[in-house]
Amino acid sequence: MANSRLRGLTWWRKWAKKEWAITAVGFSLIVFLFTLISDSWSRRDDSNLNNPFDHTHDLVDLTLVRNAKNTGAFCLDGSLPGYHFQKGFGSGSNNWLLHVEGGGWCNTVSSCSSRKFTRLGSSKYMESQVPFSGILSRDPSQNPDFFNWNKVKIRYCDGASFASHPESEPKNEEKLFFRGQLIWEALMDELLSIGLSNAKQALLSGCSAGGLATLIHCDNFRELLPKDTTVKCLADAGFFLDEKDILGNRTMRSFYNDVVHLQGVAKSLHKDCVARMEPSKCLFPQEIIKNIKTPVFLVNPAYDI
């Protein structure tokens, strides 16, 4: 038994020179390939670090709206609203793209109070830096149309698509600030002061609740800019439907009704619509777009979560 094991351990002694040569060449080839791949990975990592179009390193700082305190434009918890700004360059120096963050809505005092302890209700919980990717990317291969434009990501912290009003704030309950409309106005004032007022082209975009905010404020955005500026709006996944759910209930209509009445949203909706029907119905995009004069792009999936 012991001799058998020994013979098993000494098999390598019987190899011919040819077999040893083949093994040596094979081992050398493996080492060479491993070194080549490692060097390639290393060069790729180094090139990414030096590549201005690599969005993984394209972090943009949070800026709090400077004049917000003076105008009373506060997030739900009373903190200052914010945005992320990346300056344009080259042929995009005088073009602007604004993107409004999404995040649903709050329809009760309780749900709004809960948002105060998240980034959707307080700038205290917002990331100090965020990556710009997709339509905000400065990589021309990812974002050929807007990569070199001035780009702004507007943070969402009011809970009513930038359409809430302070007159509706609860008086005898936990302190909440319904200042969405004031946040919108303070943001526009600041962006206009840093170059938006000189825009040759401007696109207001937003996703989900931010897409709804885009539709609500689209014409106002147009009015703020010079007449010769080309202005358009893009609502991404913001076309919420006034339809029955699978149980036959008007869930969205009921929810929007709560949001509108809790946060005084009617004041930000089109006057003609509010005069003709229940204000909560005027929060649905199918009614909003009937009154929008500015060109609008609608992007929406057939189904959502």
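Predicted model: local features only at pLDDT ≥ 70, side-chain atom pairs only at ≥ 80, totals over all residues.
Now step back into H5 itself. It covers residues 180-193, and its 14 residues reach 20 Å from the first C-alpha to the last, close to the 20 Å expected at 1.5 Å a residue. How many of those residues are buried? In H5, 10 of the 14 are buried, so the helix is largely enclosed by the rest of the structure.

Next, find helix H7, residues 251-263. With 13 residues, H7 reaches 18 Å, close to the 18 Å expected. Which of its residues are buried? They are Tyr256, Val259, Val260, Leu262 and Gln263. The cover over these buried residues includes helix H4 (109-115) and helix H6 (209-224). H7, too, is followed by a glycine with positive phi: Gly264, near 65°.

On to the sheet. It is open, has eight strands with mixed pairing, and runs in the order S4-S1-S2-S5-S3-S6-S7-S8. S4 (129-131) and S8 (296-299) stand at the edges with a single partner strand each, so one side of each has no neighbour in the sheet. From one strand to the next, the twist averages 25°.

Let's zoom in on one pair. S6 (residues 201-207) and S7 (residues 230-236) are parallel and share seven bridges. Look for Ser205, which stands opposite Leu234 in S7.

Finally, back to H6: this helix lies across S3 (95-100), S6, S7 and S8, and runs at about 155° to S6.

How values were computed
Residues numbered from 1 in each chain as written. Heavy atoms only, no water. Helix = DSSP H or I, 4+ residues; strand = E, 2+ residues; numbered from the N terminus. Expected span 1.5 Å × (residues − 1). Buried < 20%, exposed > 50% of the residue type's maximum accessible area, 1.4 Å probe, protein only. Contact = heavy atoms within 4.5 Å. Pairing = 2+ DSSP bridges. Axes fitted to C-alpha atoms, helices over the stretch in contact; angles between N-to-C directions.
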